[in-house]
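Q: I have a model open and want to learn how to read it. Can you take me through it, one feature at a time?

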2 protein chains.
Amino acid sequence: MGAMEIRVAIFEDNKLVRDALEAILNGTPGYTCSGVFADGNNWERSIKSSQPDVALMDIEMPGMNGIEVTQHITDEFPEIKILIQTVFNDSEKIFQALCAGASGYILKNDPPHKYLEAINEVYSGGAPISATVAKKVLGFFSSKNVVLISPESTDYQLSEREKEILHLMVEGNNYRTIADKSFISYETVRTHVKHIYKKLHVASRSEAIQKAIHQGIH
Amino acid sequence: MGAMEIRVAIFEDNKLVRDALEAILNGTPGYTCSGVFADGNNWERSIKSSQPDVALMDIEMPGMNGIEVTQHITDEFPEIKILIQTVFNDSEKIFQALCAGASGYILKNDPPHKYLEAINEVYSGGAPISATVAKKVLGFFSSKNVVLISPESTDYQLSEREKEILHLMVEGNNYRTIADKSFISYETVRTHVKHIYKKLHVASRSEAIQKAIHQGIH
DNA sequence: GTAAAAAATACCCCATTGGGGTATTGCACC
DNA sequence: GGTGCAATACCCCAATGGGGTATTTTTTAC
């Protein structure tokens, strides 16, 4: 086990597939299978014990599914790359996985050498997607299922105080509570809120909150 | 010119690039350049005269840009595949193009053989994306810039009357006006609105309107 | 260094909205 | 013939939103 080997953790509920993948990884120079898990129910312990560079993730697993595990891992261990593998051609799942932070996507019927290439590619910072998946991704953009929010439009020039007030609104406080927590009067809160609405181009509390959450105004 | 050749139209403002692409296409068996255009200003005429299977589209063009042209072509001639090519690594533009209906995406510094492969791939129904672009696409999903709308969630079981009221709300009428237009009392409008909010799982006029518009409740 | 602009504070008025009830009528389904 | 639902209608009241005006402080600009 040389220092240059890519450590891979396998999350896969099918024992045959799991064993096959493990054999391929351990039988190929440059790759080590550092952990094999049948589900994601103990994902945190699994990750800590196997210390992978790349997690090969099945979407369909009993208990916690691959999408949830992907979300958790990218939240807690953002340096670990996740390569999603599935037999399903389910667009919905693919997109959930992509949104959860997967780095790449391959189909289960891809041949072993494709797996190895893909693992290598995510490890090097790339983004392997099989042709089938790529097609779905592009197709999805053409459909009306995606709303893009321009990164440019996220600068609303809110003042620090306004951001504080907005934050308190997102937490669900009403004007009275915001006033108390900010040590200013009810009417001042209202004035700030009016300014916030003008800057965000919205006309209600809920719209402002939506915009704040979706565009990460903190 | 055999029957099996792929007809390609080039939209590209740079004359050098344009001529080079034309030469490559016409010099390679299986490909024909059926039209060469410096901009998209007469896109409809250009498409009708060149009858392409695939349009090779530059994003940056004087007058109508490649994204707008892509949108028009996919609207009017959905059978034509569009391969976007650009020197820019601009995520924003890439996503606009993808949303406009592009079938594939290559970078201008890709070598000629990649162009030919990509043209062949879109023509066969594939979705070529260069590794750089793929990375951006996947990265975009992980960011907070994309909102996915599940197709499943669009049935809210609104009654006919409730849909009417919601429609009047979308048009900007207040309760009083809705009441007058619907020949019912102000209070009845309020009752309907409360029911609508419960069914849509929202808590304000603006959220309800957003949901109605985005999910096409009529 | 001073003038202009922006931010933060505070108050006024009042219409509109939202959530919690209750209640009656009519219609369909079993 | 009761049970459920849609449509109608009213009550109370808290919360929100938009329009003002005004003072003080801070920042920015020339």
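Q: By class, which residues make up the surface near DNA strand C?
A: This is a predicted model. The surface near DNA strand C has five nonpolar, eight polar and seven charged residues.

Q: Of the 20 residues around DNA strand C, which come nearest?
A: Look at chain A. The nearest are A:Ser159, A:Arg161, A:Ile184, A:Ser185 and A:Glu187.

Q: How do I read a helix pair? At roughly how many degrees do the axes of H8 and H9 of chain A cross?
A: Take the distance between the axes, then the angle. Helix H8 (residues 175-182) of chain A and H9(A) have axes that come within 8 Å and cross at roughly 105 degrees. Angles from 65 to 115 degrees count as roughly perpendicular. H8(A) and H9(A) are therefore roughly perpendicular to each other.

Q: Which residues make the contact of H8(A) with H9(A)?
A: From H8(A) come A:Tyr175, A:Arg176, A:Ile178, A:Ala179 and A:Ser182. H9(A) supplies A:Tyr186, A:Val189 and A:Arg190. By class, that is five nonpolar, one polar and two charged residues.

Q: Now chain B. At what angle do the axes of H8 and H9 cross there?
A: Helix H8 (residues 175-182) and helix H9 (residues 186-200) of chain B cross at roughly 105 degrees, with axes that come within 8 Å. H8(B) and H9(B) are therefore roughly perpendicular. On the H8(B) side, B:Tyr175, B:Arg176, B:Ile178, B:Ala179 and B:Ser182 make the contact. On the H9(B) side, B:Tyr186, B:Val189 and B:Arg190 do. The classes are five nonpolar, one polar and two charged.

Q: Next, sheets. What is the strand order in the open sheet of chain A?
A: Start with the general idea. Strands of a sheet pair through backbone hydrogen bonds, either parallel or antiparallel. In chain A, five strands run in the order S2-S1-S3-S4-S5, with parallel pairing.

Q: Which strands of chain A stand at the edges?
A: Count partners. Strand S2 (31-37) and strand S5 (104-107) of chain A each have a single partner strand, so one side of each lacks a neighbour in the sheet. From one strand to the next, the twist averages 25 degrees.

Q: How many bridges join S3 to S4 in chain A?
A: Five bridges join strand S3 (residues 54-58) to strand S4 (residues 81-86) of chain A, and these strands run parallel. Check one position: A:Ala55 stands opposite A:Ile82 in S4(A).

Q: Which strands of chain A does helix H1 lie across?
A: Helix H1 (residues 15-26) of chain A lies across strand S1 (6-11), S2 and S3, running at about 160 degrees to S2(A). Helix H3 (residues 66-76) of chain A also packs on the sheet. H3 touches S1, S3 and S4 of chain A, and its direction makes about 155 degrees with that of S3(A).

Q: What is the strand order in the sheet of chain B?
A: Chain B has an open sheet of five strands in the order S2-S1-S3-S4-S5, with parallel pairing. Strands S2 (31-37) and S5 (104-107) of chain B stand at the edges. The twist averages 25 degrees from one strand to the next.

Q: How many bridges join S1 to S3 in chain B?
A: Four bridges join strand S1 (residues 6-11) of chain B to strand S3 (residues 54-58) of chain B. B:Ile10 stands opposite B:Leu56 in S3(B).

Key
Residues numbered from 1 in each chain as written. Chains lettered and ligands numbered in written order. Predicted model: local features only at pLDDT ≥ 70, side-chain atom pairs only at ≥ 80, totals over all residues. Axes fitted to C-alpha atoms, helices over the stretch in contact; angles between N-to-C directions. Helix = DSSP H or I, 4+ residues; strand = E, 2+ residues; numbered from the N terminus. Parallel < 35°, antiparallel > 145°, perpendicular 65-115°, else oblique. Contact = placed C-beta atoms within 7 Å. Nonpolar A, V, L, I, M, F, W, Y, C, P; charged D, E, K, R; others polar. Near = placed C-beta within 6 Å. Pairing = 2+ DSSP bridges.
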